[in-house]
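Here is a short note to read beside the structure. Keep the model open and find each residue as you go.

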Amino acid sequence: MNLSLNEEQEIIKRTTRNFLAKECPTSLVREIEEGKREFSPPLWRKMAEMGWLGLIFPSEYGGSEGNFLDLAVLLEEMGRACAPSWFFSTILLGAQSILNIGNEEQKKRLLPAINNGESLGTMAIIEPQSGSDVAKIEMTSRREGDTFSLNGIKLCVPDAHIADWMVCVTRGKGEKNGSPAMGLFLVDKESPGISITPLMTISGDKLFEIKFDNVKVSAENLLGDGEQSTADLERTLQRAALAKCAEMVGGAQKVLEMTVDYAKQRVQFNRPIGSFQAIQHHCANMAIDLDCSRYLAYYAAWMLSEGIPCEKEIAMAKAFISDAYINITTLGQQIHGGTGLIKEHDMQLYFRRAKAAALSLGNGTFQRGIVAREMGLN
């Protein structure tokens, strides 16, 4: 096993960093957070032209046939820049669902348009009582001839305001492979009966509550061959959780860089604060947490790219990195002192994103439960 980046991945890393430095400065992040502007469609099309959107799509759908390790490199740079794009909702939640569960007609109909930047999607999965546990989803879909009627409430749906469609997860009937069956639908966001309400978030993410009131969906938009098992859906969510890990590693890397630079420049008692042992140990602990995080994320991404079962490794990575990213940003803020808390400094952007990312796609408690389950502790 060699987790060093190959030449192509080094190119992805370099070009992504340069592109985001030019096109997605933190001033843009702040303006979008404050509602002064939206992420722009022209910038999204540039990302499409660079091949980001179809990086891991098969070539028959216009993709580049990259592996998940390639995607992790891209996402690490996006996390490093706090890139405020629609990439995660459209590619990791929407397109991944179609790739993993959709039938051939659905893939041919949607994936090329997603790859070209012409179609935006997201996923509606979390409910008031379910959290990240898909086994607790209660929203049901009732069949009426060639259509289904959907009723219920979904929470924390990312980028629902700009998505053209969403993958909506409902409770199906019967069982598949011994697990409760799920029903996944491709739902047009403009369908009658859908109402969308924005939610306040600590990180400035665009999350929404969506109410479905007798929303009609044709049978051809039922993903895959009909009712899916919980395991089918969990595979998609595991990939998204691993992608979130790569984002967090990138953010933690930036926080460490900012903090070490500050420790070298900030002078107290006629010496840089980085010369004090307490500051040195804080920075060392940040570096240890970061390197452990990167190893866990890239090891799981490598296993996934090689087709090796890695449910436990993904859960271990998400559990560890969720805590580590918060620890790193907390120490970074402590070293910066009051400077790290003011709105004008970038440190607070990363601290708030660390908090939000830890809860996204299963917090540490949820992921540790998966690790225990994989160890045979039921």
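1. Start with a cluster. Ring pairs join Phe 39, Trp 44 and Trp 86. Rings of Phe, Tyr and Trp (its six-membered ring) pair if their centres lie within 6.5 Å; planes under 30 degrees apart count as stacked, over 60 as edge-to-face, and the rest as tilted. By this rule there are six aromatic pairs.

2. Some ground rules. The model is predicted, so local features need pLDDT of at least 70 and side-chain atom pairs count only at pLDDT 80 or more, while totals for chains, interfaces and linings use all residues. Residues are numbered from 1 along each chain as its sequence is written, and side-chain values use heavy atoms, with hydrogens and water left out.

3. Now take one pair. The ring centres of Phe 19 and Trp 52 are 5.2 Å apart and their planes stand at 75 degrees, so this pair is edge-to-face. Phe 19 lies in helix α1 (residues 7–23), and Trp 52 in the loop between α3 (41–49) and α4 (68–80), so the pair ties together parts 33 residues apart in sequence. Helices (H or I, at least four residues) are DSSP runs, numbered from the N terminus. Phe 19 has 11% relative accessibility and counts as buried; Trp 52, at 5%, is buried as well. Buried means under 20% relative accessible area (1.4 Å probe, protein chains only); exposed means over 50%, and partly exposed is in between.

4. Leu 20 also sits in helix α1. Is Leu 20 buried or exposed? Leu 20 is buried, with a relative accessible area of 2%. Contact means heavy atoms within 4.5 Å. Leaving aside neighbours within four places in sequence, Leu 20 is in contact with several residues, including Pro 25, Met 47, Trp 52 and Met 78.

5. Turn to helix α11 (residues 364–374). Here Gly 364, Gln 367, Ile 370 and Val 371 are buried. They cover an arc of only 120 degrees around the axis, so they lie on the same side of α11. That arc is taken from the directions from the helix axis to the C-beta atoms. An α-helix has 3.6 residues a turn, so residues three or four places apart point the same way. The buried residues of α11 pack against α7 (230–265), α9 (311–336) and α10 (347–359).

6. Check both ends of α11. Asn 363 caps the N-terminal end: a side-chain oxygen lies 3.2 Å from the backbone nitrogen of Thr 365. Such a polar contact is a pair of N or O atoms within 3.5 Å; within protein, one must be able to donate a hydrogen and the other to accept it, and residues adjacent in sequence count only if both atoms are side-chain atoms. Gly 376 follows α11, and its phi is positive, near 85 degrees.

Key. Helix = DSSP H or I, 4+ residues; strand = E, 2+ residues; numbered from the N terminus.
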